[in-house]
Amino acid sequence: MSEGVEQLHPQIYRIPAPFGNGVVEIYVLVGKQVALIDSGVKDTVPRYVEPALATLNLKLSDVDWVLHTHAHPDHSGGDEYVKANSQAKFAVHSADVPTTKGPESFMESPHDISQLVRLAGRPDLVATRRQFLHANVGAEVAPDRLLADGDEVDLGRGLVLRVFHTPGHTPGATSFYWEREGFLFSGDSFQVRGSTPGWLPLYFYAGDYMRSATRMAEVPARTVCMAHGYNAGRWPNVPVRRGRGAGEVFRESLQVSQTIDAAVAKVRAASDKADFLSFTKAVLAEVQYDLPVLLDRDLGVGLHSLASVHAHYALQTGHPWSTE
Ligand SMILES: [Zn+2]
Ligand SMILES: [Zn+2]
């Protein structure tokens, strides 16, 4: 097995795939059929997944399914390449279909970074985002199967996944649960303190996020396989949590959200609103006693922090910032 491929189970492998400033984890599931959990960005599959598959005596043409945890650039950007080089079918939750239509489909999406930098009053960074999307996201690949909560994906050889709709990060965020072995593939659905130390977790729909975390805390997953290494109080940024650490992912994700929610409420009550960047800074000044905060020299606040602060603002007021 090549360096960089981790066997988590006789039928499950993890492939860490660097992109931009981060790393996305691709999981390979081997039943009678072979599935990839997510496809990464445009070059993830040729650069990282195909060499990893070769060490498992598999080829890309052996892949039957790409199961999407959600349609974000670092999870579905590689679909076009997979489509062109295999017979694989693509599955995604129906609520994330709008962002399966190529790089431009993200630019107007309410759950893309482009909306956050607009909120922050930085139109120059909108252009940077567009560049990133065109460099990293392939052309539209229409899904073959639309996922819904409670669905089953049977890959054969006992590998049966139950679909949990776990919205919050995106509207169609999905987790796949292999009950027999206690494996849960949660994508970006639960982020504890987020992927970048000092930035808040990245989610766009706060009420959904907290409901999803509450619900999944009841699922007795023994191994949680996430799409990035998420930071937590007692745990380093590792993408796979086992045993007791598995359940803590959901409880701590909920606690972090509650902390942000309380800070947003306090700042809303205490201050006149100036602009969204100042509002977010005031929220971070409040949460810094409970969560690590790292400010950004250029933007002022951590990019992802804008998302969750805005999500809680929208939850509490019932509308996005711009329309107040
Ligand atoms: Zn995402
Ligand atoms: Zn991601």
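1. In this predicted model, strand S6 and strand S7 (residues 145-147) pair in the parallel sense, with 3 bridges between them. Within this pairing, Ala-91 has Arg-145 in S7 as its bridge partner.

2. Strand S6 also pairs with strand S5 (residues 63-67), to which 3 bridges join it, and these two strands likewise run parallel. Here Trp-65 stands opposite Lys-89 in S6. Of the 5 residues of strand S6 (residues 89-93), 4 are buried, so the strand is largely enclosed by the rest of the structure.

3. The zinc ion (ligand 1) has four coordinating residues, namely His-70 through NE2, His-72 through ND1, His-169 through NE2 and Asp-188 through OD, at 2.0 to 2.3 Å. The arrangement is irregular because the 4 donor atoms subtend angles of 89 to 170°, whereas a tetrahedral assignment would require all angles to lie between 85 and 135 degrees. Along the chain, the donors of this ion follow the spacing H-x1-H-x96-H-x18-D.

4. The zinc ion (ligand 2) is coordinated by Asp-74 (OD), His-75 (NE2), Asp-188 (OD) and His-228 (NE2), at 2.1 to 2.3 Å. With its 4 donor atoms at angles of 86 to 161°, the site of this ion is irregular. The donor residues of the zinc ion (ligand 2) are spaced D-H-x112-D-x39-H in sequence. Among them, His-75 in helix H2 (residues 73-76) and His-228 in strand S12 (residues 223-230) form a pair that links distant parts of the chain, 153 residues apart.

5. The burial of this second pair can be stated residue by residue: His-75 has a relative accessible area of 0% and is buried, while His-228, with a relative accessible area of 9%, is buried as well.

Key:
Residues numbered from 1 in each chain as written. Chains lettered and ligands numbered in written order. Predicted model: local features only at pLDDT ≥ 70, side-chain atom pairs only at ≥ 80, totals over all residues. Heavy atoms only, no water. Donors = N, O, S within 2.8 Å, 3.2 Å for Na, K, Ca; no water. Tetrahedral: all angles 85-135°; square planar, octahedral: opposite > 155°, others 65-115°. Buried < 20%, exposed > 50% of the residue type's maximum accessible area, 1.4 Å probe, protein only. Pairing = 2+ DSSP bridges.
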